[in-house]
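Thanks for taking a look at this one with me.

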Amino acid sequence: MSERLQDRVAVITGAGSGIGLASARRLAAEGAKVVCADIDERAGNAAAQEVGGLFVRVDVAAEAEVEALYEAAVAAYGSVDIAFNNAGISPPEDDSILTTGLDAWRRVQDVNLTSVYLCCKYAIGHMRRQGKGSIINTASFVAVMGAATSQISYTASKGGVLAMSRELGVQFAREGIRVNALCPGPVNTPLLQELFAKDPKRAARRLVHIPLGRFAEPEEIAAAVAFLASDDSSFMTASQFLVDGGISGAYVTPL
């Protein structure tokens with residue numbers, strides 16, 4: 001494994017499982033000091049111990065807790081060089097616009113979009129003082145495509161993440177801060193496994209649209225995170241980085 005991220009400090013939200021955990025492992029393997037943030041103390045602690053990093057319990061929708069997260073990273077390691085704003089939810093109550101209630105809508109917006117706003121706000125404050133930094137915000141391929149199997153608030157939240165990342169990437173580019181939106185396709189994570197368990201037909205309907213014929217593994221998305229965090233992507237900002245198995249480019253998939 002290369003050491004592209006040697007001694008850089010990476011803060012990862014949702015680090016206890018899925019893409020966040022795989023990314024904590026990958027960034028640590030490339031030399032980063034990793035701050036694992038999660039609302040689940042058991043999972044977050046386990047992730048931090050595995051990668052030799054720091055665990056901070058945080059509700060990413062609570063402003064004071066997000067501010068404290070980045071202060072803790074600076075207090076422990078001296079900087080915030082990478083912010084991977086990854087925490088998100090996709091609850092079953094978030095469905096068609098015809099059936100999704102306002103409480104479910106707001107909960108998803110708070111965790112998926114407002115949290116990214118808060119994380120960017122406080123990460124950028126530290127990065128401006130340093131004169132550099134890389135922010136990676138988890139959007140989704142559904143931010144650029146429509147789906148008849150709708151999760152209306154999830155889709156809207158990810159579209160907001162994409163638009164916000166683009167604007168921040170432009171606004172802070174000349175201060176040495178890069179902001180990119182990572183847009184994964186369906187990934188073999190606990191969220192997707194839960195969908196399969198609850199509605200196998202709906203989940204299987206998604207698989208047929210992927211040209212590669214399978215879901216991504218978390219480690220494949222983590223590799224993209226490491227690239228966007230590193231100087232290998234030094235001329236990339238305000239971009240949507242699709243890692244979707246070809247979904248967004250497909251009209252008819254192979255038999």
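The points below cover the nonpolar cores, one histidine and some salt bridges.

1. A word on the source: this is a predicted model, in which local features need pLDDT of at least 70, side-chain atom pairs count only at pLDDT 80 or more, and totals for chains, interfaces and linings use all residues. Residues are numbered from 1 along each chain as its sequence is written, and side-chain values use heavy atoms, with hydrogens and water left out.

2. Start with the largest nonpolar core, which has 43 residues; such a core is a set of buried Ala, Val, Leu, Ile, Met, Phe, Trp, Tyr and Cys residues joined through side-chain atoms within 4.5 Å, where buried means under 20% relative accessible area, exposed over 50% and partly exposed in between (1.4 Å probe, protein chains only). Leu-69, Tyr-70 and Ile-135 touch the most other members. Helix H4 gives the largest share, 10 residues (helices are DSSP runs of H or I, at least four residues, and strands are runs of E, at least two, numbered from the N terminus).

3. His-126 sits in H4, which spans residues 102–130, and is buried at 8% relative accessible area. Leaving aside residues up to four places away in sequence, His-126 touches Tyr-70, Glu-71, Val-74 and Val-80 (contact means heavy atoms within 4.5 Å).

4. There are 9 salt bridges in the whole structure, each a side-chain nitrogen of Lys or Arg within 4 Å of a carboxyl oxygen of Asp or Glu. One of them joins Arg-128 and Glu-175 at 2.8 Å, N to O. These partners lie 47 residues apart, with Glu-175 in the loop between H5 and S6.
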